[in-house]
Amino acid sequence: MAPMTRGFAPDHHANAAMAAYYAKRAEAGVGLIFTEGVVIHHSGDGYRNVPHIETDSQAAAWKPVVDAVHAADTRI
């Protein structure tokens with residue numbers, strides 16, 4: 001699944017809605033998921049509500065997303 005910007009992270013943290021979104025695609029048989037664009041420094045944020053991975057808490061918020069995809073035996 002190709003990456004695309006979705007805007008599901010109003011607080012810039014990955015969340016349960018994102019985990020469900022990616023898990024649903026994984027469960028449908030997608031073999032490899034490239035996530036949406038992720039901001040690595042707040043100065044590069046050109047879109048509203050995109051996830052960041054600048055802080056430890058933002059990085060940790062991705063673990064449930066990755067775990068949900070891996071539970072469907074898909075790579076992310």
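1. A residue is called buried when its relative accessible area is under 20%, exposed when it is over 50%, and partly exposed in between, using a 1.4 Å probe and protein chains only. By that rule Glu27 is exposed, because its relative accessible area is 60%. Glu27 lies in helix 1; helices here (H or I, at least four residues) and strands (E, at least two) are DSSP runs, numbered from the N terminus. The C-alpha atom of Glu27 is separated by 8.2 Å from that of Asp73, although the two residues are 46 apart along the chain.

2. The model is predicted: local features need pLDDT of at least 70, side-chain atom pairs count only at pLDDT 80 or more, and totals for chains, interfaces and linings use all residues. Residues are numbered from 1 along each chain as its sequence is written, and side-chain values use heavy atoms, with hydrogens and water left out.

3. On confidence: pLDDT is the predictor's confidence in each residue, from 0 to 100. The protein averages a pLDDT of 92, and 100% of the residues score at least 70. Confidence is lowest in helix 1 (residues 16–27), with a mean of 96, and highest in helix 3 (residues 63–71), at 98. Where pLDDT is low, predicted coordinates should not be read in detail.

4. On the overall fold: the protein has 3 helices and 0 strands, and along the sequence the pattern reads α-α-α. The radius of gyration is 12 Å, close to the 11 Å that the globule rule gives for 76 residues, so the protein is as compact as a globular protein of that length. The radius is taken over C-alpha atoms, and the rule is 2.2 Å times the number of residues to the power 0.38. Along the principal axes, the C-alpha atoms fill a box of roughly 35 × 20 × 15 Å.

5. A contact means heavy atoms within 4.5 Å. Among contacts between residues at least 6 apart in sequence, 60% join residues at least 24 apart. The protein exposes about 4600 Å², and carbon and sulfur atoms supply 58% of this area. Accessible areas come from the Shrake-Rupley method with a 1.4 Å probe; for residues, only the protein chains shown count as cover.

6. On charge: there are 6 positive and 8 negative side chains, and the centres of the two sets lie 8 Å apart. Lys and Arg count as positive, Asp and Glu as negative, while His and the chain ends are not counted. The place of a charge is taken as NZ of Lys, CZ of Arg, CG of Asp or CD of Glu.

7. Most residues other than glycine have a negative phi. His12, in the segment before helix 1, has a positive phi, near 70 degrees. Asn49, in the loop between helix 1 and helix 2 (56–60), also has a positive phi, of about 60 degrees, although it is not a glycine. His12 counts as partly exposed because its relative accessibility is 23%. Asn49 is partly exposed, with a relative accessible area of 23%.

8. Ala28 and Gly29 can be read together. Ala28 is found in the loop between helix 1 and helix 2, and Gly29 lies in that loop too. Ala28 counts as exposed at 67% relative accessibility, and Gly29 is exposed at 60%. Ala28 and Val50 are 22 residues apart along the chain, with their C-alpha atoms separated by 24 Å. For Gly29 and Ala17, 12 residues apart in sequence, the C-alpha separation is 19 Å.

9. The last point concerns Arg75, in the segment after helix 3. Is Arg75 buried or exposed? Arg75 counts as exposed, because its relative accessibility is 64%. Leaving out residues up to four places away in sequence, Arg75 touches Gly31, Leu32, Ile33 and Val69. The C-alpha atoms of Arg75 and Gly37 are separated by 17 Å, with the two residues 38 apart along the chain.
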